[in-house]
Amino acid sequence: MNGVNWETYDEALVKEAAKSVVGHIDPVMMHYIENCVSCAACETACPYYAVGEEYGPVNKAENLRKLVRSEVAILPRIFPWLFHSHVPKDAEELNKWAEMAYRCTNCGLCYVTCPFGIHSGEMIKLVRGFLTKTGRVPTVLKAMIDMEVSGTYSGIKGFMDLWQSVLKEAEKAIGKELPLDKKGAEYVYLPSLAEAMITPEAIVSSIKILDKLGLNWTMPSDPMSIRAPVGALAGDGEAAAAVVKRIYNYLKEIGPRYVVMSDGGYPYTTYRFDLPRIVGEKPPFKVVHFVELILELVEAGKAKIIQGDEEVTWHSPCKMGRFAGLIEEPAKLLSMASKNFRKLESHGLFSRCCGGGNSIACIVLPTMQFLGKLTGTTMQVSDEEMNFLKKLEHDMYIASKGKIDEIRKSKAKIVASACVGCIHTIRLSSRVHGLDVSVVNIVEVLADKIEKA
Amino acid sequence: MDILDFAVYVAPPYVVAAFAFGATYRLLKYIFLWKRGPGPEPRKRGAGSLVKGLIMTFLNPIIESIRRKPHDFITGLVMLHILGVIPLIFLLDQHIAAFAYWFPPYALLAPLAIPLSFTTSALTVAAPFKPVSEMQWGFVNTIWGPLTVFLNGDVLAVLAMLGVAYKIGDKIVRRAHGLTHVRIGDFFDLGLLFTILLFGFMAAHHLPSGDIVTYRTVLGIHIVLAELLVALLPFTKFWHFVFGFWYGKLHEWYDLKYKRGVAE
């Protein structure tokens, strides 16, 4: 597979990309752009500040401000030097912008720390969109977006063999055939290919839970996406919308009351909160994470959890905690599941970021190698991009160290989480930082302890 | 007509017009960019959780500032904002008198006025005798009592100037480190604020000399620069006080606490 060219600079393309970014500005984004007083209160909250002060959110988001000023404001267009308004002038500057944009996990810590409620992560997402349009997008991310939009991932033997092996494993676990693509089912379980790759046991455990609870459920026979919407990670709203709409149509055909997810990362917040905006209507079903489903059934007396004694802790994924309000719910379930559950030091709204979200852990070299092995292909990347990827991996381990230290301090042997990206990052990073810990999806902790009441 | 006459009798309507134009322009942008569309069903949380969430939305940045950047908290928030410009602008007794001249209901704040100097309050605390007076009070007669040892124009102006100076220094260091988020406008805004404070302090102390022409000039410059700040307010970072801070935090509350159900 040929890589993306990171060496060239096309001025017309850059200008066109800048114009398209301006078209995405709504009142909230306008507030983010205009109302920063540059106090930099956000910077120490960012996991990448540990890598260097230039990676503070305010500094990274400034690139969007420069770009917007250069396109829409009158005085900054006349006096760009006075108002800091410009688009990248050459390939080197474009690459620098890419380096900064890919030092953001969009974890939202800057958002809740900012005295003005400015979400720099969302601004950096627009910068990524701009960069994608100029051709600066990591090769592996571009490949995943293209495959997800076109659906060609389902033609890759390595992916499909893996998917089928996970389904077989699940069938073995419940001792019966899986109710695939069953119209009229009350619950649709929606796992992704990424879960099959990174957390296959989470899919098996989720299916075990649905079966144990005796629910009328189904799931797609083929993976509906790599991890929809991958396009959002590169700021490619069009690609993201195309995939989400396709999955939405599938769900409407099945006609469930609930869509249940085991991945509590960005796929969950996309379906739970962004779906109406993307599809232009209120969905006829509710989107819930397994944590919500189980807790509701336990509290209604319809299910119970047998308590064990594993030394387990909870890493709150930013999308499930800060951006979906499920902060105490997973902790509550885990404390029912183990008398040795302990919260991490930063548990809560300001839960420390894993350092690898927003595609970072999924594009670094170990992941590329893993994907290459799985698909039997080699991704060729340019020297420039290879340098970018090597530095990114190095920086990711620095950014994730705070989380690893926190886990080490908790003395937990198992880290439960719910986001594929978080789990992958903590696994990679714990190895680098010498922490021996098992990192699993929360459904894996609960599957064997849950019983129908 | 000298600069003081210009500042008091000529400039105000133009300042108000510039402010109104700028504020309207900025607010209209938000209205024109707004698009109606279907939204998600909010996660249901109780009223108590939403109220707590609202309070914490405003408090969290302060708590985080104390935890992560205590030097910024002390200089930027406490010295510059809470003890500096906010009480100075709105409660200094000379300012209350001036604002009430232009807008009479402002006089309602007169009981909360803080004095210009700390002399009398210092005497209240430090003098070994009480003043000979048939009245009920000692040296000070404001609602703040001996607190005016601290709550007075002199101390607060010095704190505010130190806060602004810290901010300017911080931005110089950031520029030297190659950080691009520091803009030339930041230096203009902070420089303007510092100059206003300095000229206000000088006018209060009849500096550099006590003659009437110098006094009127220094006070006139103080007021004209303050009027410039108000006129430029919608076009500068000072807009955060009028709009950005309130809109930003209320939107954050709506987004995270109301819509997504974050209960902290």
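P229(A) sits in the loop between β2 (217-218) and α13 (237-254) of chain A. Helices here are DSSP runs of H or I with at least four residues, strands are E runs of at least two, and both are numbered from the N terminus. A cis peptide bond joins A228(A) to P229(A), with omega about -10 degrees.

The model is predicted, so local features need pLDDT of at least 70 and side-chain atom pairs count only at pLDDT 80 or more, while totals for chains, interfaces and linings use all residues. Residues are numbered from 1 along each chain as its sequence is written, chains are lettered from A and ligands numbered from 1 in the order in which they are written, and side-chain values use heavy atoms, with hydrogens and water left out.

**Backbone details**

Chain B has a cis peptide bond too, from L207(B) to P208(B), with omega near 0 degrees. P208(B) is placed in the loop between α7 and α8 (212-232) of chain B. In chain A, N106(A) is not a glycine, yet its phi is positive, about 50 degrees. N106(A) belongs to the loop between α6 (91-101) and α7 (109-113) of chain A.

**Chain B**

Chain B holds nine helices and zero strands. Its order along the sequence is α-α-α-α-α-α-α-α-α. The C-alpha trace of chain B spans about 70 × 45 × 45 Å along its principal axes.

**The interface**

Chain A brings 59 residues to the contact and chain B brings 49; contact means heavy atoms within 4.5 Å. Together the two chains bury about 4,600 Å², with 52% of it on carbon and sulfur atoms. Buried area is the accessible area (1.4 Å probe) that two parts lose on being put together, summed over both. On the chain B side, R43(B), R183(B) and R260(B) lose the most area to chain A, together 14% of what that side buries.

Polar contacts link 28 residue pairs across the interface, both residues at pLDDT 80 or more. Such a contact is a pair of N or O atoms within 3.5 Å; within protein, one must be able to donate a hydrogen and the other to accept it, and residues adjacent in sequence count only if both atoms are side-chain atoms. Helices α1 (3-33), α2 (47-68), α6 (153-176), α7 (184-204) and α9 (239-259) of chain B each supply at least two residues of the side that touches chain A. α9(B) gives the most, with 14 residues. That side of chain B divides into 16 nonpolar, 10 polar and 23 charged residues. Ala, Val, Leu, Ile, Met, Phe, Trp, Tyr, Cys and Pro count as nonpolar, Asp, Glu, Lys and Arg as charged, and the others, Gly among them, as polar.

**Salt bridges**

A salt bridge is a side-chain nitrogen of Lys or Arg within 4 Å of a carboxyl oxygen of Asp or Glu. The count over all chains is 43. Between chain B and chain A it is seven. Two examples follow.

| Salt bridge | Closest N and O atoms |
|---|---|
| E43(A) with R174(B) | 2.7 Å apart |
| K413(A) with E311(A) | 3.8 Å apart |

K413(A) lies in the loop between α19 (383-410) and β8 (414-417) of chain A, and E311(A) in the loop between β5 (303-305) and β6 (312-314) of chain A, so the pair ties together parts that are 102 residues apart in sequence.
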